Amino acid sequence: MGAVESVLEAGGRCWLVGTGTDDALAALHGAAAHAHLAELGPYAPARWAAWLAEQLPAGATVVLPHSPDGRDLAPRLAAALGLPLVSGVVELGPGVAWVARHGGLAMDELELTGPVVATLQIGAGRHPEPPAGASAPEVAHVAVEVAAAHDGDDDGDRHGADAELVAELPADPATMDLAEAPRIVAAGAGLGDRDQIALLEAVADALGASVGATRLVTDYGWLPAERQIGTTGVMVQPELYLAVGVSGAVQHTAGLGHPAHVIAVNTDPSCPMMELADLALVCDAPAFLAELARQLGL
Ligand SMILES: Cc1cc2nc3c(=O)[nH]c(=O)nc-3n(C[C@H](O)[C@H](O)[C@H](O)COP(=O)(O)OP(=O)(O)OC[C@H]3O[C@@H](n4cnc5c(N)ncnc54)[C@H](O)[C@@H]3O)c2cc1C
């Protein structure tokens, strides 16, 4: 994110580090004129900063994208190089940086008295010129010592500490981004009243599913707006979609993607949601929830 802009801002001179640097160079679409590539392994900002500080030319200003990784790496690199950090730059000129403050409401003009490490706001409208000869970049593959590339135990003294990956935990369906949820139990107005929501949430939790809603349900305030699925809500891509008391209006179903399994619960056998379903249960939504909860041992 923001790599092309940063490389263009640097006049096409760049260091690509990490894994898959050849692919990363190809993804720059000709923005690079002179590229150094180094396979440093998985992201480890303290180790990378220490290594990069030994490679980068003295006295150079370094620019990184103001992306999550860029914001993380830049201060460590600034410390390792002994340079000031200028974060969130909108525009960088000779001896000057313009930085957005207060969420973009104000602009600060900073005088630069020497080289800095800067992170560049992505998409801030700069228009740097593409470097001449960009289609055939000069590429140097930089050999990396095993110690610099490894991601195992760090002694921590020279690099500072890198976070140790203890375990990767699955996302909590209750709080994960609905757009990425593999299973969704959706609440529709057919639930009757907000008292049913707690039971629907408990059932969703037991099924490892996230809770979605129709616009009527969020308009009623039974669930927050970020749970609304559809053209004016979240576009989802679940594998399993369980619609409880949902009519299946086109503004809702247009946001559903193509779930492998659709189950609909409705008293109206001919509503659009039932027609979309692989399994259509013609029954009362609160009664269905109560029975499912019982079957799940809740
Ligand atoms: C510009 C615009 C944008 C919109 N964007 C969205 C959007 O992003 N997302 C969205 O969801 N909607 C959106 N809507 C609203 C949409 O048109 C529908 O009004 C809405 O999706 C209906 O929600 P619902 O299915 O919960 O309610 P209803 O349409 O009222 O359906 C309730 C269903 O529950 C059934 N039912 C009733 N009683 C029971 C019972 N006891 N047991 C079981 N079933 C029962 C009924 O048969 C019915 O099918 C938008 C509308 C407009 C105009």
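Two strands are said to pair if DSSP finds at least two bridges between them. Keep that idea at hand, and look at strands S5 and S6 in this predicted model: they pair in the antiparallel sense over 6 bridges.

Let us step back and see where we are. The domain assignment divides the chain into domain 1, residues 3-149, and domain 2, residues 178-295. Taken over C-alpha atoms, the centres of domain 1 and domain 2 are separated by 45 Å. We will walk through a sheet and its surroundings, and then visit the ligand.

Strands S5 and S6 belong to an open sheet of 5 strands, and its order is S3-S7-S4-S5-S6, with mixed pairing. Which strands stand at the edges? They are S3 (62-65) and S6 (106-111); each has a single partner strand, so one side of each is left without a neighbour in the sheet. On average, neighbouring strands of this sheet are turned by 50 degrees against each other, direction ignored. As background, strands of a sheet pair through backbone hydrogen bonds, either parallel or antiparallel.

You can find both kinds of pairing here. Start with S3, which is joined to strand S7 (residues 117-120) by 4 bridges, the two running parallel. Across this pair, Pro65 has Leu120 in S7 as its bridge partner. Now move to S4 and strand S5 (residues 96-101), which pair in the antiparallel sense over 4 bridges. The hairpin of S4 and S5 has 2 residues between the strands, and in this hairpin Gly95 takes a positive phi near 75 degrees.

Is Leu92 buried or exposed? A residue counts as buried if 20 or more other C-beta atoms lie within 10 Å of its own; Leu92 has 22 of them within that distance, so Leu92 is buried. The bridge partner of Leu92 in S5 is Ala97. Leaving aside neighbours within four places in sequence, Leu92 is in contact with Glu9, Val63, Ala97 and Ala118. Leu92 also shows how folding brings parts of the chain together: Leu92 and Leu120 are 28 residues apart in sequence, and their C-alpha atoms are 8.5 Å apart in space.

Next, look at what lies across the sheet. Helix H4 (residues 68-81) lies across S3, strand S4 (85-93) and S7, and runs at about 170 degrees to S7. Within helix H4 you will find Ala74. This residue counts as buried because it has 25 C-beta neighbours inside 10 Å. Which residues does Ala74 touch, leaving aside its neighbours within four places in sequence? The contacts of Ala74 are Leu64, Leu85, Ser87, Val117 and Thr119. Val62 is 12 residues from Ala74 along the chain, and the C-alpha atoms of the two are separated by 8.8 Å.

For a contrast, turn to His29, in the loop between helix H2 (21-26) and strand S2 (34-39). With 13 C-beta neighbours inside 10 Å, His29 counts as partly exposed. Its backbone deserves a look too: most residues other than glycine have a negative phi. His29 is not a glycine, yet its phi is positive, at about 50 degrees.

Finally, let us visit the ligand. How many residues surround the ligand? There are 28, and the closest are Gly190, Thr214, Arg215, Gly230 and Ser247. The elements that give two or more residues to this shell are helix H7 (215-219), helix H8 (250-253) and strand S12 (261-266). H7 provides the largest share, 3 residues. Sorted by class, the shell has 16 polar, 9 nonpolar and 3 charged residues.

Strand S12 has partners of its own. Strand S11 (residues 240-244) pairs with S12 in the parallel sense over 5 bridges, and Val244 stands opposite Val265 in S12. S12 also pairs with strand S13 (residues 279-282), again in the parallel sense, over 4 bridges. Here Ile263 stands opposite Leu279 in S13.

Methods. Residues are numbered from 1 along each chain as its sequence is written. This is a predicted model: local features need pLDDT of at least 70, side-chain atom pairs count only at pLDDT 80 or more; totals for chains, interfaces and linings use all residues. Domain bounds come from an automatic or database domain assignment. A residue is near a molecule or strand if its C-beta atom, placed from the backbone, lies within 6 Å of it. Ala, Val, Leu, Ile, Met, Phe, Trp, Tyr, Cys and Pro count as nonpolar, Asp, Glu, Lys and Arg as charged, and the others, Gly among them, as polar. Axes are lines fitted to C-alpha atoms, for helices over the stretch in contact, and angles run from 0 to 180 degrees between N-to-C directions. Two residues are in contact if their C-beta atoms, placed from the backbone, lie within 7 Å. A residue is buried if 20 or more other C-beta atoms lie within 10 Å of its own, exposed if 12 or fewer, and partly exposed in between; C-beta atoms are placed from the backbone.
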